[in-house]
Amino acid sequence: MQIKIQRWLFSVLIIGALFVGGCGSSPAASNSTPTPNPASGENISLSPPPSEPASGAVVAASEQFNNLPRLTQKATVVMTVKGAPITIELDGTNAPITAGNFVDLVQKGVYDGLVFHRVVREPQPFVVQGGDPQGKDPKFPTARLGTGGFIDPKTSVERRIPLEIKAKGAPNPTYSQTLEQAGISQKPVLLHSRGAVAMARSQSPDSASSQFYFTLSDVPFLDGSYAVFGYVKQGMDVVDKIQAGDRIEKATVTQGLENFKAVN
């Protein structure tokens with residue numbers, strides 16, 4: 001019983017590390033919102049799950065986001081940290097919007113020079129998180145990193161993408177809901193195994209922007225609540241050595257760019 005309680009407390013405490021402080025729980029939230037601390041006990045509040053939506057409803061949900069970039073199949077991104085490469089395989093088949101957003105930001109150079117602002121290895125290996133565009137400025141307060149997202153120069157507002165999780169056996173991903181909220185009991189196709197790459201977000205499902213994280217171990221309690229969109233194929237030893245404050249020197253799409261569809 002004591003072991004179970006300890007594991008539950010760890011899940012409650014640590015899951016706050018994936019919150020994007022700046023996205024808040026509504027579009028009106030300010031980017032100056034303090035970054036949640038993993039030790040704060042902040043947790044995701046899930047609503048009681050409604051009945052499972054029909055497949056047509058899932059397709060309709062995806063059509064609301066036709067103005068977002070997409071990846072139709074797979075692509076490879078090489079991210080360089082401290083002179084060493086991390087090879088990431090993106091899965092546009094099962095997470096087309098999430099993977100497409102990442103490719104688009106890589107193509108725009110958004111990740112070049114950004115800092116990894118949160119690294120959680122205690123009490124057990126969890127995640128390495130980065131991708132806040134504010135981190136490109138070395139004078140930006142470290143305490144506020146983790147509160148920002150990508151500001152689209154075309155609209156001058158933060159681009160946000162929907163929560164996108166495809167359950168095993170489903171024809172399409174579920175959008176804008178966790179699998180629990182959607183009443184879906186099947187596990188996701190893309191699991192939070194060691195080396196997964198997924199999007200950080202605030203409590204609102206559709207609040208992910210540019211911040212992402214690498215999982216340092218298997219973290220199944222995140223499955224169905226956060227959008228995995230790829231896996232580290234080579235360079236996990238590099239990820240294991242990342243410290244808070246390390247920067248992404250360069251991120252480049254090396255394969256699969258022909259599968260990318262940018263916003264018109």
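Reader: What makes Asn94, Ala95 and Glu164 part of the lining of the largest cavity?

Author: In this predicted model, lining residues are those with an atom within 4 Å of a cavity point. Asn94, Ala95 and Glu164 are listed in that lining, together with Ile165, Lys166, Pro188, Val189, Leu190, Tyr226, Ala227 and Val228. The space in the largest cavity comes to about 70 Å³.

Reader: How do the residues of this lining divide by class?

Author: The lining of the largest cavity has eight nonpolar, one polar and two charged residues. Glu and Lys count as charged, and the lining includes Glu164 and Lys166.

Reader: Which residues line the second largest cavity, and how much space lies in it?

Author: Thr98, Ile161, Pro162, Leu163, Met199, Ala200, Arg201, Pro205, Ala208 and Ala227 line the second largest cavity, which holds about 50 Å³ of space. By class, this lining has eight nonpolar, one polar and one charged residues. Arg counts as charged, and Arg201 is among the residues of the lining.

Reader: What places arginine 201 over the face of tyrosine 226?

Author: The rule requires CZ of Arg to be within 6 Å of the ring centre and within 35 degrees of the ring normal. Arginine 201 is at 4.6 Å from the ring centre of tyrosine 226 and is assigned to a position over its face.

Reader: How many aromatic pairs are there, and why is the pair of phenylalanine 102 and tyrosine 111 called tilted?

Author: The count comes to 10 aromatic pairs. The centres of phenylalanine 102 and tyrosine 111 are 5.0 Å apart, with 35° between the planes. Planes under 30 degrees apart count as stacked and those over 60 as edge-to-face, so an angle of 35° leaves the pair tilted. Phenylalanine 102 and tyrosine 111 are both buried.

Reader: Why is the pair of phenylalanine 126 and phenylalanine 221 called stacked?

Author: The ring centres of phenylalanine 126 and phenylalanine 221 lie 6.0 Å apart and the planes meet at 5°, so the pair is stacked. Phenylalanine 126 is in the loop between β4 (116-120) and β5 (127-130), and phenylalanine 221 is in the loop between β11 (212-215) and β12 (228-234), so the pair ties together parts that are 95 residues apart in sequence.

Reader: Are phenylalanine 126 and phenylalanine 221 buried or partly exposed?

Author: Phenylalanine 126 has a relative accessible area of 0% and is therefore buried, since buried means under 20%. Phenylalanine 221, at 31% relative accessibility, counts as partly exposed.

Reader: Which residues do ring pairs link into a cluster?

Author: The cluster linked by ring pairs consists of Phe102, Tyr111, Phe116, Phe212, Phe214 and Phe229.

Terms used
Residues numbered from 1 in each chain as written. Predicted model: local features only at pLDDT ≥ 70, side-chain atom pairs only at ≥ 80, totals over all residues. Heavy atoms only, no water. 1 Å grid on protein atoms, 1.4 Å probe; cavity = no way out; pocket = protein on both sides within 12 Å on 5 of 7 lines; lining within 4 Å. Points joined across faces, edges and corners; volume = space filled by probe spheres on them. Phe/Tyr/Trp six-rings, centres within 6.5 Å; stacked < 30°, edge-to-face > 60°. Buried < 20%, exposed > 50% of the residue type's maximum accessible area, 1.4 Å probe, protein only. Helix = DSSP H or I, 4+ residues; strand = E, 2+ residues; numbered from the N terminus.
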